[in-house]
Structures are given as C-alpha cells and as structure tokens.
Amino acid sequence: MTATDPDSLLAMMQNRRSVRTGYREDKPVSDADLRLVLEAGRAAPSAGNGQPWEFIVIREKETRHAIADLFKKQLQDKLELERTIRGKASVGGSVGFRLAPVHILQLGDPRTALSFPLRTQEEKADSHFFSSLANALLQMMLMAESLGLSTQYVSDVSSPYFSLMLKHMLGIPRDLRVYHLMPLGYSEEKPEASARRPLEAMVHFERYDPAKERSQADVERFVAQGTIQSTQYNWGTSKKG
Ligand SMILES: Cc1cc2nc3c(=O)[nH]c(=O)nc-3n(C[C@H](O)[C@H](O)[C@H](O)COP(=O)(O)O)c2cc1C
C-alpha cells in the first residue's frame, strides 16, 4: 500500500461538507463501506487510549424517522430562544437527514477516564472525553468523504431531552453519554464551502504575533460575516456538480 498523496488528502479534507439535504433514502450504503467508516472511527487517537466511543448503526427507516421527529420537536425551544433574544434563528433546523439511509449514533463512556493519569482525571476528564470522541467522528466523516458518501453533524442529540429520549428508545445504558448523530448516505446536494479564515491570520511563527490579535469588534465582525450567524451561510441546497 502506498502512502496517501498529501495533496489528495488535503483536497478531500477541503471537500468534505456538512450535507443536510438531498439524501437518497433509496440508495443504500454497502456493508463494506459502512465497515470502512466504522474502522476509521475505531482507529482514532484517544486520550489514554481510553477509546470512549460506541456506535449504534441505525438502518431501520422507522427508527431514523422517529429520531428526525424528535429532532424537530426539541428544536422548538432552541428556535424560540434565538428568535426572542437575537431576533433571528441561525440554527441547523433541516430534518433532511431523516432520509440518510444510515444514522450512526455515537456514544461515549465517561468511565474510560480511569485510563488517564490521576491529575489528568481531575483536571481534564471532560475535555479529553470530548476531544477523543470528536477525533473518531471526524475520521468517520473523512472516510465517508473518500467513499463519495455524505455526512453531517446532528449535535442536538446530546441535549437533555433528546438524549434521554434516545436512551429510552434505543436501550442505551445509563452510564453512557449520547454524543453526536452522524447521518451517512449518498446525497444529490452539496453546499458550497463556507469560507475559512486565511491561514496567515491564524498562524503565528515562534511567538504570538500582536499584529494578528483580534479585538472584540474584530471577532464580532467575523462572527456576523464568516459563521452560521451570517445571512450568507449556506445551510445547503446547491446541487452536486
Ligand atoms: C462540534 C460541532 C457541532 C456541530 N453541530 C451541528 C449541528 O447540530 N447541526 C448542523 O447542521 N451542523 C452542525 N455542525 C456543522 C458546522 O456548522 C459546520 O461544520 C461548519 O459550518 C462548517 O461547514 P462544513 O462542515 O460544511 O465545512 C457542527 C460542527 C461541529 C464541529
């Protein structure tokens, strides 16, 4: 096996998008591709090699749609908060993911913090737990991208109402935490990339470069223009080229 060509690897990372619409429910993901995606998650680095993750693979249509219905329901107070306080709601409210033929629900076992040194357990149990879970999720997303499959983040699954309902629905033990849902499938749509900050603006050589320090106003301008708070943010409707 040859080493991955770095330009291709970078291009693949740059091409991955959060795909929220256009999923083809009628186009299944093969068991072989699903396995590759899961193996990519399994290969991820984790703090203390604690491997806190577990994955529930959901193909059943009824369950996937029930999850999407729960998503819609739990969104209401989130939308109300945004609309009332901010006067607008910039949240990922699409339930297009219900049509993704596979949902991978990622769980985490916080008891694996026992694998950390004692001081680390005291001071970093939470951040190490979430960083490790995020590594596995991103590796799965990148493997999916390499297979021509689309994915997205559904992070609301970890909120109290949603996660307890999911635990009840799927028989998830109490000690585990619901982390993220990753829909997986072929989609006919892919949103254009939202711009990333220029490399020169975020990289400092040898010492922090004070010329690059952002003021509060700079950050607020960036948030308004370059993040999901921007009216230009593309939640996804562009057709795949
Ligand atoms: C920790 C995390 C949580 C996210 N949660 C959601 C989510 O709940 N719903 C959603 O539509 N996108 C979610 N996203 C996707 C981001 O909005 C997206 O990655 C970002 O806007 C950049 O777009 P891209 O993924 O297409 O490059 C999440 C991303 C991360 C890293």
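## Helix α1 against helix α4

Let's start with helix α1 (residues 6-15) and helix α4 (residues 118-146), which pack at an angle of about 105° with their axes 9 Å apart. Axes here are lines fitted to C-alpha atoms, for helices over the stretch in contact, and angles run from 0 to 180 degrees between N-to-C directions. Helices (H or I, at least four residues) and strands (E, at least two) are DSSP runs numbered from the N terminus. The pair α1 and α4 is therefore roughly perpendicular (65 to 115 degrees; under 35 is roughly parallel, over 145 roughly antiparallel, and the rest oblique).

On the α1 side, Met12, Met13 and Asn15 meet Leu142, Glu145 and Ser146 of α4; contact requires C-beta atoms, placed from the backbone, within 7 Å. By class, this contact has 3 nonpolar, 2 polar and 1 charged residues. Ala, Val, Leu, Ile, Met, Phe, Trp, Tyr, Cys and Pro count as nonpolar, Asp, Glu, Lys and Arg as charged, and the others, Gly among them, as polar.

## About the model

This is a predicted model, in which local features need pLDDT of at least 70, side-chain atom pairs count only at pLDDT 80 or more, and totals for chains, interfaces and linings use all residues. Residues are numbered from 1 along each chain as its sequence is written.

## Helix α2 against helix α4

Helix α2 (residues 31-42) also packs on α4, at an angle of about 145° and with the axes 7 Å apart.

Leu36, Val37, Ala40 and Gly41 of α2 meet a set of α4 residues including Ala136, Met140 and Leu142.

## Helices α3 and α5

The axes of helix α3 (residues 61-86) and helix α5 (residues 160-170) come within 10 Å and cross at roughly 160°, which makes α3 roughly antiparallel to α5. This crossing, too, is right-handed.

Ala66, Leu70 and Gln74 in α3 meet Tyr161, Phe162, Met165 and Met169 in α5. The contact holds 6 nonpolar, 1 polar and no charged residues.

## The sheet

Four strands make an open, antiparallel sheet in the order β1-β2-β4-β3. At the edges stand β1 (53-58) and β3 (150-151), each with a single partner strand, so one side of each has no neighbour in the sheet. Strands β1 and β2 (residues 102-108) pair over 6 bridges, where pairing needs at least two DSSP bridges. Phe55 stands opposite Gln106 of β2.

## Around the ligand

The ligand is surrounded by residues including Arg17, Arg20, Tyr153, Asp156 and Ile228, where near means a C-beta atom, placed from the backbone, within 6 Å. The shell divides into 3 nonpolar, 5 polar and 3 charged residues.

Conventions: Contact = placed C-beta atoms within 7 Å. Left-handed = near helix turned anticlockwise from the far one by under 90°.
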